[in-house]
Amino acid sequence: MNTPVKKNDQLAVYIEDLTHDGSGVAKVDGYPLFIHGGLPDEKAEVRVLKTLKNYGFAKLLNIVEPSPFRVEAPCPVFYECGGCQLQHINYEGQLKWKENMVRNVMQRLGKIDAPVLPVKGMDNPWEYRNKSQIPFGLADGKVIAGFYQAKSHRIADTPTCLIQSDEADRLMRAFKEKALELDLVPYNEDTKKGQLRHLVVRKGRATGEVMVVLVTKHPKLSKKEAIIELIREAEPKVTSIMQNVNSRNTNVIFGDETNLLWGKPTIEDLIGDVRFEISARSFYQVNPEQTEVLYKQALDYAQLSGDETVIDAYCGIGTISLFLAQRAKQVLGVEIVPQAIEDAKRNAELNGFTNTYFEAGPAEEVIPRWYKEGKNADVLVVDPPRKGCDEALLTTIIEQRPKRVVYVSCNPATLARDLRILEDGGYKTQEIQPVDMFPQTTHCEAVAWLELAD
């Protein structure tokens, strides 16, 4: 294999960019080297660790000229943990990089020339997560907990996480200290033995309500009352304690069985003026402060006067739908997960909305039938998973031709791909607004506004 560098070569490089996992990228005669810990606009000395045909990996030895945005990462396990990738960049630098990343992806992958606005960030980009899913393990006979190391299922043991809530930190530490006394031996993925798989903590930021979900291998808890007491002592604000049973040999967190141990089975939270009921397994955005920013942007792009019918594809539990229902004549939501549709109906009732209709099924099948029934959308909103819109749904949008499309995306690459398809089908992207939902990480959400071309 003929590459311009070989293993153990020591080189002086200029780092040009970051990858999606936060590694610096330098090029030697056009050959990319990925450098963990390197930042754009830095000159550094590196040692080549591994070479493949089209790219290689190098270790950062010395920073000769640091980035003006470089800071000391405040988390003690930042370089081990896979939860954050950008703590060594100050927040101004993170927002600048995300704006450039979204713009470059739009131009490179989608040939989209619409303006990309500066990223809407947070005043305090820490402790923003309202949901923590914490794995447990054993090391030298002691219970460890934290988050998985990058690209592995090895736990980076930590006393605190700077992007999760104080409540989650306190509960994590309490279970690390007392789990073995409570017969909650951490589950081992290799031996398939043990009881405690995960601790899931959810918090209603606006209401202060806290839910604790104990994910266990078996349904029987030999010291149930003591477990409840531990949780209530560690977090007096807890209002819901649940147990989820996952007996399968899988790295999926939740199993199918969920039981109430104490309190009530749900908690509530507000996004703007809209109230939501959240169960143990409900999908709900993990950063409610920025979710409000994101949804207000979607609402602004929808440009509703009160006379419009809006279709919300991938409506989930109705979060965007209910925001839109505040200004629309009618909102129709479709989602393939039946339980999410039941949650959406319940949330609409909770808020007193009578102008919403929710139906379970594939959007690409349900929406054409709605059109045949005379339910024509003036505005169509999509908020798909990271893989982007189903190709059949994009075809449906192009065939049904709503005058305006608002695309809420959690993956700029699939957004660029889908915008290209919609533009080729007769739409024109007017503007793209990135929103930083996940500070300290490389993830960036964006809202795109499209109009049907004349």
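Thr-356 is buried, because its relative accessible area is 19% and buried means under 20% (exposed is over 50%, partly exposed in between, with a 1.4 Å probe and protein chains only). Thr-356 belongs to strand S17, residues 356–360; strands here are DSSP runs of E with at least two residues, helices are runs of H or I with at least four, and both are numbered from the N terminus. Leaving out neighbours within four places in sequence, Thr-356 is in contact with Leu-322, Ala-325, Val-331 and Ala-348, where contact means heavy atoms within 4.5 Å.

Before we go on, a word on the model: it is predicted, so local features need pLDDT of at least 70 and side-chain atom pairs count only at pLDDT 80 or more, while totals for chains, interfaces and linings use all residues. Residues are numbered from 1 along each chain as its sequence is written, and side-chain values use heavy atoms, with hydrogens and water left out.

Now let us follow S17 into its sheet. The sheet is open and has 7 strands with mixed pairing, in the order S17-S16-S15-S18-S19-S21-S20. S17 and strand S20 (427–435) are the edge strands, each pairing on one side only; two strands pair if DSSP finds at least two bridges between them. From one strand to the next, the twist averages 15 degrees. Further along the order, strand S19 (residues 404–409) and strand S21 (residues 445–452) pair in the antiparallel sense over 6 bridges. Val-406 stands opposite Trp-449 in S21.

Helices come next. Helix H6 (residues 338–351) lies across S16 and S17, running at about 165 degrees to S17; axes are lines fitted to C-alpha atoms, for helices over the stretch in contact, and angles run from 0 to 180 degrees between N-to-C directions. In helix H7 (residues 363–372), the buried residues include Val-366, Ile-367 and Trp-370. An α-helix has 3.6 residues a turn, so residues three or four places apart point the same way. The buried residues of H7 pack against strand S15 (309–313), strand S16 (330–335), S17, strand S18 (379–382) and helix H8 (391–400). After H7 comes Gly-374, whose phi is positive, near 90 degrees.

Finally, look at Met-101 in helix H1, residues 91–110. Met-101 counts as buried because its relative accessibility is 16%. Not counting residues up to four places away in sequence, Met-101 touches Pro-412, Thr-442 and Cys-444. Met-101 and Arg-205 are 104 residues apart in sequence, and their C-alpha atoms are 30 Å apart in space.
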